[in-house]
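Welcome! Please take a look at the sequence and the 3D picture below, and then follow the tour topic by topic.

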Amino acid sequence: MTSGSLLRLALAGALASGAVLTAAIPANAGKAPRTVPVRLLALNDFHGNLEPPSGSSGRMVDEQGNTVEAGGAAYIATHMKALRDKNTIAVAQGDLIGATPLISAAYHDEPSVEFMGKLGLKVAAVGNHEFDEGYQELRRIMKGGCHPVDGCSPAGKWKGASYDYVGANVLFKNRNEKTDALAALGGGNSPKIKKLLSDWGVPALPPVSIKIMNGVPIGFIGLVTQTTPNIVTTEGIKDLKFVDEVKAANVASKLLKLVGVKAQVVLVHEGDQVEADQSPDACSAVPGAGNRIATQVDPEIDIVLSGHSHQAYVCKVKDPAGRDRLFSQGGSFGRVITQVDMKVDVRTRDIDRASVVADNHVVTRTVTPDPEISAFVQTWKDRVAPVANRAVGTISADIPNTAAPSGETPLGNLIADAQLAATKEGGNAQIALMNPGGVRAPLSYASSEAGEGDGVVTYGEAFTVQPFNNLMQVVTLNGAQLKTILEQQFTGGPNNQAFTKILQPSSNFTYTYSQSAPWGSKVSDMKIDGQPVTDTQTIRVAANNFLVGGGDAFLGFTEGTDLWSGPLDIDAFVDYLGQNNPIAPPATDRITVVP
């Protein structure tokens, strides 16, 4: 798609809405009602959980402090229908797809996007996981067409998302496309809009979407965390840049104002952590990246709905002008629907902030599941069943992905062992390192979708653990470079690691780290097969292509040489499970921690 058509796509909704704004309110508006109601129903971080999520991912603390089972597409649909009224606009804050269960991932998340259309979703911000398969695949999801490698799904040619995806802070790196793109708008467009976008850059996605409700326009600004390049595979976004969320929101806000839209809502895929075990309606958010955005974006913006941190909270924060502004999030995996009710002044076309009321509704499973969506999910479950239910190995006990004091997890260590085994021949790997964020679920001894007895691991269960289809790679590093990568696990370094992320090591690699030592001096006593590692020796290190590309702020990997690419990570894991039966939970004794 050309830059000109991309920019037209980015502005078409805004310009078209701008053309009707003056007609939206009657000339005798003085006799009209002073305000009109608008309701938002919001989801975030669904991650393709069409079936009810299991374990802790399927539980939620409700408003009474009780932990209840929550989530599942058919239950979401029932709750949405109960909450929806004629004034409703359904929206989302990103990560609707990506890191998804096999029922969705096997078909490149088309089932999840179709489900969102069935819910009546109108606008969604992109999240970082919308870029898991790269920008071009996101464009296909948005616009339609069969997958270029795997072809059409059993449902036929993909028709594209029925809702708008928006991302104001996603720009093309190449500004040379700018002149042609702006020229493609034609001479009838506002010079102010042209100037604004000329100064800003070329948007890779529509920055805004405008919806008319009860005769008034509501503008939605999409934002995704600016850390996206650190947490998705580099190759798929090589032509893009992800700029500061606040700066992008302010440009988008000006764009909306230029077409007469004053009621403005930010949908941002960035959020904050919370205090544990709080009501989803509590303001339990600990100020962080989300709060920075919510408090610093232009005062014209009335509401900030967030995502990414998988937490539930309802807060009021102060905007730069000192006025109250809603800042909320609705958990993850479809366990919470955020309802926002407000009044919009028909004369000023702005939101009456005093009228804004938000409520996080837990998607309980005590309601009758929606029959249409139940049938929809079952159809896709049946389609993927032959793959999902195939037994691939056995385990002797639960293998959890909860961290020991060292930061290791039994499952993370197991995956690292599997990756080393898969890359020794061909890649000549000597050690393997696995990123903890790529281990998405535990392996349960008692769970067996194939029904073949306790301890059986199915392909579907293995895929739930590793859903990203990353490529295994091997690079050559020297000992000093390897130590730098291990130092990059900790906060305080030049890569601005947001929090400590302990890489999971293969069993033949051990080292020590100090909790109190300064950054750069925390790691010591590295050994491979019991032999000390020197600064100058060369080491073949296996990792997935996400890490090798510098993901999770591990930029030291990008200094590696002699790149070798091997199997997909899920294939490495499945092969290891099949060749080592039964597998016991590995010990978490590869890293030693000292004060």
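In which helix is Gly460 found? Gly460 is found in helix H13, made of residues 459-465. This is a predicted model, in which local features need pLDDT of at least 70 and side-chain atom pairs count only at pLDDT 80 or more, while totals for chains, interfaces and linings use all residues. Residues are numbered from 1 along each chain as its sequence is written, and side-chain values use heavy atoms, with hydrogens and water left out. Helices (H or I, at least four residues) and strands (E, at least two) are DSSP runs, numbered from the N terminus.

- Gly460 has a relative accessible area of 6%, so Gly460 is buried; buried means under 20% relative accessible area, exposed means over 50%, and partly exposed is in between, with a 1.4 Å probe and protein chains only.
- Not counting residues up to four places away in sequence, Gly460 touches Leu102 and Ala388, where contact means heavy atoms within 4.5 Å.
- From C-alpha to C-alpha, Gly460 and Thr100 are 11 Å apart in space, although 360 residues apart in sequence.
- Thr368 sits in the loop between strand E16 (351-362) and H11, and Thr368 is exposed because its relative accessible area is 61%.
- Thr368 and Ala77 are 291 residues apart in sequence, yet 10.0 Å apart in space, C-alpha to C-alpha.

**Helices that pack together**

- How far apart are the axes of helix H4 and helix H11? The axes of H4 (residues 110-119) and H11 (residues 371-388) are 11 Å apart, and these helices pack at an angle of about 170°.
- Axes are lines fitted to C-alpha atoms, for helices over the stretch in contact, and angles run from 0 to 180 degrees between N-to-C directions.
- H4 and H11 are therefore roughly antiparallel to each other; angles under 35 degrees count as roughly parallel, over 145 as roughly antiparallel, 65 to 115 as roughly perpendicular and the rest as oblique.
- On the H4 side of the contact are Pro111, Glu114, Phe115 and Lys118, which meet Glu372, Ile373, Phe376 and Trp380 in H11.
- The contact of H4 with H11 contains five nonpolar, no polar and three charged residues; Ala, Val, Leu, Ile, Met, Phe, Trp, Tyr, Cys and Pro count as nonpolar, Asp, Glu, Lys and Arg as charged, and the others, Gly among them, as polar.
- Helix H12 (residues 410-427) and H16 have axes that come within 8 Å and cross at roughly 95°, so H12 and H16 are roughly perpendicular to each other.
- Residues of H12, including Leu411, Leu414 and Ile415, meet Asp569, Ala572, Phe573 and Tyr576 in H16.
- In the contact of H12 with H16, nine residues are nonpolar, one is polar and two are charged.

**A mostly covered helix**

- Seven of the nine residues of helix H5 (residues 135-143) are buried, among them Tyr135, Glu137 and Arg139.
- Just after H5 comes Gly144, with a positive phi of about 110°.

**Aromatic rings**

- There are nine aromatic pairs in the structure; rings of Phe, Tyr and Trp (its six-membered ring) pair if their centres lie within 6.5 Å, and planes under 30 degrees apart count as stacked, over 60 as edge-to-face and the rest as tilted.
- The Tyr163 and Tyr165 rings have centres 5.1 Å apart and planes at 65°, so this pair is edge-to-face, and both residues are buried.
- The Phe509 and Tyr511 rings have centres 5.7 Å apart and planes at 35°, so this pair is tilted; both of these residues are buried too.
- Lys501 lies over the face of Phe499, 5.1 Å from the ring centre; a charge sits over a ring if NZ of Lys or CZ of Arg is within 6 Å of the ring centre and within 35 degrees of the ring normal.
- Lys522 lies over the face of Phe490, 5.3 Å from the ring centre.

**Backbone details**

- Most residues other than glycine have a negative phi, and most peptide bonds are trans.
- Asn214 has a positive phi near 55° and is placed in the loop between strand E8 (208-213) and strand E9 (216-224).
- Asn469 also has a positive phi, near 55°, and lies in the loop between H13 and strand E20 (471-478).
- The peptide bond from Asn581 to Pro582 is cis, with omega near -15°, and Pro582 belongs to the loop between helix H16 (569-579) and strand E27 (591-594).
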